[in-house]
Amino acid sequence: MRNVEKEAAIFIPLLKQYCANIATLNIDKEFPTLFIPQTMSRYADASKKIFYFGRDTNRSYQPIDLMESYRNNNLESYIYDNHALLNEDFFLWETEARTFWLLVLNLHLRLKGINQYMDIIWEEYSNVDLISELNDFGHGNTNAIQVKQTLQQNGVWSKIDIAKYLVVKEKSRIFDCLLHTIQAYRPDLVFIFDWSSNYQQFLEGLEYTIEKRNVLNGYFFVINLKNYPTRIIWTIHPRSLPKGSLNKESVAINNLIDIIVSQL
């Protein structure tokens, strides 16, 4: 079992505060579940530690019950279970967030000097060597609770108590902050694929400088932190890439990766 001492020191106080704030709402298991950053099993051993951020989770995200862990004074179990969800080959079955993971996985390979494009369909993919190169990164979201648009797309919005959702979303904002990931995991490089997010809010608590690059219609920031060695690349979400055949999809993703790598 992995050591979660650093993560616990950062996230357990936040989890306790969040749970205390929503304890009286009596939300059921159909309600959007809180997402906190997670890492693959070899993240701590990576020569360069890299995190990838999207907007929110678009898949069925069901870790163990957070409130039960809170009531049992065992929030460490929630952190363990949260990490376990990012297993060694979860991405091979991704459907809802396919384009995001295609970008992340192929960018991660490119950063390791591997130019071979990989798909994430298990029936068509069996390169164990490439999979072994993809178990040392971290993943986060700019929103710990799914946004309204995602819940609408997934058919959940009409099934939940909107008044409770608004409270939960507001109370969860303490997690919508990159500082926690920086302190817990000390990444060398962070990619954020969510131009819709307010960068000033997400970078709250960090001192930084921004370089605005003239690529992707200006939707590209290189952010350097003053008190940490972490470098941040902030750009568009790959959902804006053209849809179509695998070939067109792969070309669009590789073109975006070319631009990103050229700006490092």
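Contact is defined here as heavy atoms within 4.5 Å. The structure is a predicted model, in which local features need pLDDT of at least 70 and side-chain atom pairs count only at pLDDT 80 or more, while totals for chains, interfaces and linings use all residues. Residues are numbered from 1 along each chain as its sequence is written, and side-chain values use heavy atoms, with hydrogens and water left out.

The protein has 10 helices and seven strands; helices (H or I, at least four residues) and strands (E, at least two) are DSSP runs, numbered from the N terminus. Of its 264 residues, 53% are buried, where buried denotes under 20% relative accessible area, exposed over 50%, and partly exposed the range in between (1.4 Å probe, protein chains only). Among contacts with a separation of 6 or more, 73% link residues 24 or more positions apart.

The seven strands form an open sheet of mixed pairing, in the order β1-β3-β2-β4-β7-β6-β5. Strands β1 (38-39) and β5 (208-212) stand at the edges with a single partner strand each, so one side of each is left without a neighbour in the sheet. Two strands are taken to pair if DSSP finds at least two bridges between them. β1 pairs with β3 (residues 138-141) in the antiparallel sense over two bridges, and threonine 39 stands opposite glycine 138 in β3.

In helix α7 (residues 162-171), the buried residues are Tyr165, Val168 and Lys169. Viewed down the axis of α7, these buried residues fall within an arc of 100°, so they line one face of the helix; the arc is that of the directions from the helix axis to the C-beta atoms. Their cover includes α1 (5-22) and α6 (148-153). The face turned away from the buried side carries the exposed residues Ala163 and Leu166. At the N-terminal end, α7 is capped by aspartate 161, a side-chain oxygen of which lies 3.0 Å from the backbone nitrogen of alanine 163.

Arginine 55 is placed in the loop between β2 (50-54) and α2 (66-71), and counts as buried because its relative accessibility is 8%. Its side chain makes polar contacts (pairs of N or O atoms within 3.5 Å; within protein, one must be able to donate a hydrogen and the other to accept it, and residues adjacent in sequence count only if both atoms are side-chain atoms).
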